[in-house]
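Dear colleague,

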Amino acid sequence: MPTQCNAEQLQFSCVERRRVVAAFDGGTVSSDAGALLLGKCDEAIGLIDRLAGCFVDSRDPNLIEHTVRTLIGQRVFAMALGYEDLNDHDSLRHDPVFGALLGKLEPKRRGDCAALAGKSTLNRLELHAAQGISRYHKIRPDTQAIEGLWVDLYLDAHHEAPSEIVLDLDATDDPLHGHQEGRFFHGYYDGYCYLPLYIFAGEHLLCAKLRRSNIDGAAGAREEVERIVAQIRQRWGAVKIILRADSGFCREELMSWCEQNAVDYVFGLARNARLVRSIGAELQAAAAESRETQQSARRFKELVYRTRKSWCRARRVVAKAEQTGDKANPRFIVTSVSMRQWPTRALYEEFYCARGECENRIKEAQLDLFADRLSTATFRANQLRLWLSSAAYVLMHALRRIGLAGTALARACANTIRLRLLKIGAVVTVSVRRVKLAMSEACATQREFIAAFHALSAAAR
């Protein structure tokens, strides 16, 4: 029971001859009442339980206060709500809203601790041993199980197999500002960073693989694609799969694997003098049109192209000859898709350019859900942090996909959903029979909140 005291009243400027006073005497108030929707969303997809099941817990169950499910749930829910730092949990461990989310309002075994874990306990979870266990680190993630979970969640999100799926591959930088294990300077990004590999199917995250930055951008992509495609085909044997990526993934190893395994691809192709010469007439025509119309102009051309050494065969290349202002902008893509399936211009403008949506999803994961906060010392701990932020992304995407379909927030980014739907003020009353959250009547998104509640409740049945 908190100590009762008279809170100091703070007086502000008067309004229409009325005193404006404030005091910290409103009882238990939370700014995260909307987080209950995250709990409903978790019930619908089973994320926290399934992710917790991907950890090996060697602790004595008769002696522990905080289960793996509680620890994982705290981190994932906190990131979804905007709490990126472990230090935040020294306050959040007392928050009844988090307790309601995780089903733990009071300690079970010890009366001298809070219901939820603090920063030190969560830090021990992240700093797991490389192999086996140690005295203070007895919880270890199962790497293969976690990597497979993202694909399983994607498969479970569909009631029936689609006829075709597109897998978007992309690499991005995670800047480093300390001396983390595996840090290297990357010339393109002009800084020390990691170079994680992301694979998305639409908005569904399938892979978040942390990599050092002293490698080729496509390093490990073939292995990850092979694993994901095998897992997808195990359940959807007849589905057509197309890989889509920029020129950083245009590698013989990946293209040959696709051709041998009935997987199509559309990759960007870095330009060179031979390619540019092959579309010289189209570039001149585009430049003439641009001068005449004072607008950008473009032409497209089909090529059959083979490199002198690196490719084992000739492949279909689509060339875009574009003139923008006084500058030529030739671009190329290489593909295994036939012209009958995708004509030249449509393949570039409608299909290949749509890969920009994958970049938006990566930005959402990094800027809104803290996938770029990889500040712990070891590489394996930073990979775990990347997975936890990926889980927060999966949770927020499920909220958008299931709960907010047909509402004004159906296409909102994670930060907008957080501010408008999750950060709702409420007075929290905990009694013997219930936990009641009296939310603000002034909430502008009541309709969306209620619609999301009913949609998630139906999905959770």
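The notes below cover a strand and its partners, then a pair of helices.

This is a predicted model, in which local features need pLDDT of at least 70, side-chain atom pairs count only at pLDDT 80 or more, and totals for chains, interfaces and linings use all residues. Residues are numbered from 1 along each chain as its sequence is written, and side-chain values use heavy atoms, with hydrogens and water left out.

Strand 15 (residues 315-324) is largely enclosed by the rest of the structure, because 9 of its 10 residues are buried (under 20% relative accessible area). Strands here are DSSP runs (E, at least two residues) and helices likewise (H or I, at least four), numbered from the N terminus; two strands pair if DSSP finds at least two bridges between them. Strand 15 runs antiparallel to strand 14 (residues 297-305), to which 9 bridges join it, and Ala 297 stands opposite Gln 323. With strand 17 (residues 331-335), strand 15 pairs in the antiparallel sense over 5 bridges; there Val 318 stands opposite Ile 333. Strand 15 also forms a hairpin with strand 16, with 2 residues between them, and Gly 325 in the turn has a positive phi of about 65°.

Helix 8 (residues 221-235) and helix 9 (residues 252-260) pack at an angle of about 20° with their axes 10 Å apart (axes are lines fitted to C-alpha atoms over the stretch in contact, and angles run from 0 to 180 degrees between N-to-C directions). The two helices are therefore roughly parallel to each other (angles under 35 degrees).

Yours sincerely

Key
Angles under 35 degrees count as roughly parallel, over 145 as roughly antiparallel, 65 to 115 as roughly perpendicular and the rest as oblique. Buried means under 20% relative accessible area, exposed over 50%, partly exposed in between (1.4 Å probe, protein chains only).
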